[in-house]
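Hi,

Here is the model I promised to pass on. My notes follow below it.

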Amino acid sequence: MDSECAASRLRVVLGHLRRPSATAVAAHLTSGAISPASFHPQQFQYTQDNNVLSLEQRRFYEENGFLVIRNLVSDADIERFRNEFERICRKEVKPLGLQLMRDVTIAKSEYSPNEKAVTKVQDFQEDKELFRYCTLPQILKYVQCFTGPNIMAMHTMLINKPPDTGKKTSRHPLHQDLHYFPFRPSNNIVCAWTAMEHIDRNNGCLVVLPGTHKGTLKPHDYPQWEGGVNIMFHGIQDYDENNARVHLVMEKGDTVFFHPLLIHGSGQNKTQGFRKVCIITPLHFPKMNG
Ligand SMILES: CCCCCCCCCCCCCC(=O)SCCNC(=O)CCNC(=O)[C@H](O)C(C)(C)COP(=O)(O)OP(=O)(O)OC[C@H]1O[C@@H](n2cnc3c(N)ncnc32)[C@H](O)[C@@H]1OP(=O)(O)O
Ligand SMILES: Nc1ncnc2c1ncn2[C@@H]1O[C@H](COP(=O)(O)OP(=O)(O)OP(=O)(O)O)[C@@H](O)[C@H]1O
Ligand SMILES: O=C(O)CCC(=O)C(=O)O
Ligand SMILES: [Fe+2]
Ligand SMILES: [Mg+2]
């Protein structure tokens, strides 16, 4: 696809689209940047003054660090994302910059080009069909409640959580996304996570520790899991075990917006299906000259 064309399309819709260079990302991944604790006296620290969220929704996000919006993405759109994902897996399209990742249990085995072999795709900004997710007006409308206007899609993923082989490798350890991001400030970032089908504890729903977005970035490392851990799936080693874990049961199209410091993860997929979600992480860029 024509990347000039894609670039101008992104500018029109998002204001800008930018992604940090691979070097910057790699440097960050090894150093683990620390975010300074910040205190703001105003009533709302994590949400913007616009008329989209109700007072109750704002208070919920401020207190808990996440907000679920039901039925935000249509079945028709989700079908299109699913089809495009399958085309990518079959190698019918090869979008520029796209990263394919396989599950750790099959990473070293023979590669077969189908949706069972790909556990996620990342950085789909050059795939017109998948990037439609990031330009959906209803997604952007809510994103801006947390980031403010003038946003850029900093990271994109479609996760295809495979059936667990019994080694619990399909789990995603509890982590903070900010650990992976070489950009700040954290309150200008939000993650949008859209269920592409019904997701509950059986197929490995998102698990959140409410209120943990008020803390700081914690040290991350690979968990000591006997069955193996997927590459880059770092987890927090010393989170408070008493912290309530909340399992987010979602229907197709439901979307959760969450703060990059919120501690979250996902459980194993005990079904035979491949559990799918779309994710975008946008960031607000302040205007430099007034
Ligand atoms: C804006 C910035 C954002 C940045 C991050 C966003 C985070 C978002 C928020 C949170 C995100 C949460 C967490 C995140 O997701 S963090 C993001 C995950 N990280 C990446 O995607 C890093 C960039 N990607 C890569 O480096 C490659 O695509 C990988 C390494 C994934 C595949 O590589 P490649 O395409 O070249 O294929 P290969 O077959 O030659 O493999 C090379 C070697 O790697 C081994 N291998 C392969 N797969 C796995 C596996 N699953 N578990 C264990 N090992 C694996 C493989 O056996 C081989 O080893 P060996 O046989 O040589 O010994
Ligand atoms: N005791 C624990 N210690 C460390 N991490 C945990 C612990 N319990 C859960 N987690 C993390 O939280 C994630 C979600 O846990 P959850 O309990 O929902 O899933 P699960 O243990 O895979 O499946 P199950 O539904 O059978 O409990 C897991 O992937 C794991 O990373
Ligand atoms: O949907 C999931 O399994 C969670 C993924 C996640 O938190 C991440 O990739 O950062
Ligand atoms: Fe995450
Ligand atoms: Mg468990």
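A residue counts as near a molecule if one of its heavy atoms lies within 4 Å of it. By that rule, the residues around ligand 3 are Met157, Ile159, His172, His175, Asp177, Trp193, Leu206, His264, Ser266, Arg275 and Val277. Please keep in mind that this is a predicted model, where local features need pLDDT of at least 70, side-chain atom pairs count only at pLDDT 80 or more, and totals for chains, interfaces and linings use all residues. Residues are numbered from 1 along each chain as its sequence is written, chains are lettered from A and ligands numbered from 1 in the order written, and side-chain values use heavy atoms, without hydrogens and water.

Now the metal. His175 (NE2), Asp177 (OD) and His264 (NE2) coordinate the iron ion (ligand 4) at 2.1 Å; donors here are N, O and S atoms within 2.8 Å of the metal (3.2 Å for Na, K and Ca), and sites may look incomplete because water is not among the atoms. Along the sequence, these donor residues follow the spacing H-x1-D-x86-H. Asp177 sits in the loop between strands S5 (172-175) and S6 (191-195), and His264 in strand S12 (264-266), 87 residues apart. Strands are DSSP runs (E, at least two residues), numbered from the N terminus.

For His264, the corresponding distance is 3.0 Å.

Best wishes

Terms used:
Helices (H or I, at least four residues) and strands (E, at least two) are DSSP runs, numbered from the N terminus. A polar contact is a pair of N or O atoms within 3.5 Å; within protein, one must be able to donate a hydrogen and the other to accept it, and residues adjacent in sequence count only if both atoms are side-chain atoms.
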